[in-house]
Amino acid sequence: MSNSELVLPADLLPTDGRFGCGPSKVRPAQIEAITAGADTIIGTSHRKPAVKNLVGSIREGLSELFALPEGYEIVLSLGGATAFWDAATFGLIEKKSAHLSFGEFSSKFAKAASAAPWLDAPLVTEAEVGTAPDPKAADAEGADIIAWAHNETSTGAMVPVTRPNPDNAEQLVVIDATSGAGGLPVNMSDADVYYFSPQKCFASDGGLWLAAMSPAALERIEKINSSDRFIPAFLNLQTAVDNSRKNQTYNTPTVATLLMLEDQVKWMNANGGLDGMVKRTTENSSILYDWAESRPEATPFVTEPSERSLVVGTIDFEDSVDAAAVAATLRANGILDVEPYRKLGRNQLRVGLFPTIDSADVTKLTKAIDYVLDNR
């Protein structure tokens, strides 16, 4: 019998087999929220009160979740984090940016900045994949923003949010929090722009970007927008700010995504806020990493325990184990999306550990992997 034909005992199957790193597991209540809005919100104008109130609820809920300091605002627009990188090259970087690059996604913002002919070449501090660089050691001399990912989704390494150069008031701290926001601890006063898409911890669909922005970031956006720099309308951050203050988006949003997001934000705030969510991801990640360290064939890919992500776990296997075959067997049994990031090319599994994922299901996942390994 091949591994793909191996049938797992029923008591080893998680209640919910979705462990993807984005799009991630969606709670049933979020789908019910779409159904509840089918008659009154979906299919109505996004410039009218019903949808604007929905956007306002999301902005208020996120402000509560992140305990935004005075003057910070939640801004949103369309296109996801990928669009935000391009928008930032037009409307956030004044002349030169500095970047920490330690995986696929943290490198993409640097690439976008390097391709913008109106900017100076960015300063890029690279670190090996599977490690988390120290922001204080980054080359950021003369940079008006310094950027990195709170969580590198491709590798499962996380870097804390801090101000590496606190005496430089002109240097904005810009954090890609796409897979970390809502599942990793953050003191928002340490960031000027904390941006993310909602298909990870917020268990919604993609296509949006949201950001917590400081007064300094808002001032920078206004300054650049008032200059003679050409900025495409879709990528204009001042337009996003102006529309967000009206609880709307410049382009028509996907209202179903907003409904899912609102329900998730309410659930997060009702279950302990950000501290409660970090407690859940901490428990999930501890289960996975402790299991990996107990198996002779497995080891956490990120070697330094303090750098291991709470929301994306990556587990390497020795050569005697075909991790792709393990993932295929799990998939055939309804345990989904534990394959590694495609470009990383490692013999590993990658597991989403987001707040919606129950710790009991993470435990069952490890037991299911045990069964597959023990019955190769």
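Colleague: How do helix 5 and helix 6 stand to each other, parallel, antiparallel, perpendicular or oblique?

Modeller: Please bear in mind that this is a predicted model. Helix 5 covers residues 215-225 and helix 6 covers residues 237-244, and the two pack at an angle of about 125° with their axes 9 Å apart. An angle counts as roughly perpendicular from 65 to 115 degrees and as roughly antiparallel over 145. Helix 5 and helix 6 are therefore oblique.

Colleague: How many nonpolar, polar and charged residues form the contact of helix 5 with helix 6?

Modeller: Helix 5 contributes Leu-218, Ile-221, Glu-222 and Asn-225, which meet Leu-237, Gln-238 and Val-241 of helix 6. By class, the residues of this contact of helix 5 with helix 6 are four nonpolar, two polar and one charged.

Colleague: Is the crossing of helix 5 and helix 6 left-handed or right-handed?

Modeller: The axes to consider are those that lie 9 Å apart at about 125°. Where helix 5 passes helix 6, the crossing is left-handed.

Colleague: Which strands stand at the edges of the open sheet of seven strands?

Modeller: The order in this open sheet is 1-9-8-7-4-2-3, and the pairing is mixed. An edge strand has a single partner strand, so one side of it is left without a neighbour in the sheet; this applies to strand 1 (73-78) and strand 3 (123-126).

Colleague: Which residues in helix 8 do Trp-267, Met-268 and Asn-269 meet?

Modeller: The contact of helix 7 with helix 8 holds three nonpolar, two polar and one charged residues. On the side of helix 8, the residues met by Trp-267, Met-268 and Asn-269 are Gly-273, Met-277 and Arg-280.

Colleague: Which strands are at the edges of the open sheet of three strands?

Modeller: This sheet has the order 10-11-12 with antiparallel pairing, and its twist averages 25° from one strand to the next. One side of each edge strand is left without a neighbour because each has a single partner strand, as is the case for strand 10 (298-300) and strand 12 (348-352).

Colleague: What is the bridge partner of Thr-299 in strand 11?

Modeller: Three bridges join strand 10 to strand 11 (residues 312-317), and these strands run antiparallel. In strand 11, the partner of Thr-299 is Asp-316.

Colleague: What angle does the direction of helix 8 make with that of strand 11?

Modeller: Helix 8 packs on the sheet and touches strand 10, strand 11 and strand 12. The direction of helix 8 and that of strand 11 make an angle of about 10°.

Colleague: How many charged residues are in the contact of helix 9 with helix 10?

Modeller: The axes of helix 9 (residues 323-332) and helix 10 (residues 359-374) come within 10 Å, crossing at roughly 120°. Val-326, Thr-329 and Leu-330 of helix 9 make the contact with Leu-365, Ala-368, Ile-369, Val-372 and Leu-373 of helix 10. Seven of the residues in this contact are nonpolar and one is polar, and the charged count is none.

Colleague: Is the peptide bond from Gly-22 to Pro-23 cis or trans?

Modeller: Pro-23 lies in the segment before helix 1 (28-36). The omega of the bond from Gly-22 to Pro-23 is near -5°, and the bond is cis.

Note on methods. Residues numbered from 1 in each chain as written. Predicted model: local features only at pLDDT ≥ 70, side-chain atom pairs only at ≥ 80, totals over all residues. Heavy atoms only, no water. Axes fitted to C-alpha atoms, helices over the stretch in contact; angles between N-to-C directions. Helix = DSSP H or I, 4+ residues; strand = E, 2+ residues; numbered from the N terminus. Parallel < 35°, antiparallel > 145°, perpendicular 65-115°, else oblique. Left-handed = near helix turned anticlockwise from the far one by under 90°. Contact = heavy atoms within 4.5 Å. Nonpolar A, V, L, I, M, F, W, Y, C, P; charged D, E, K, R; others polar. Pairing = 2+ DSSP bridges.
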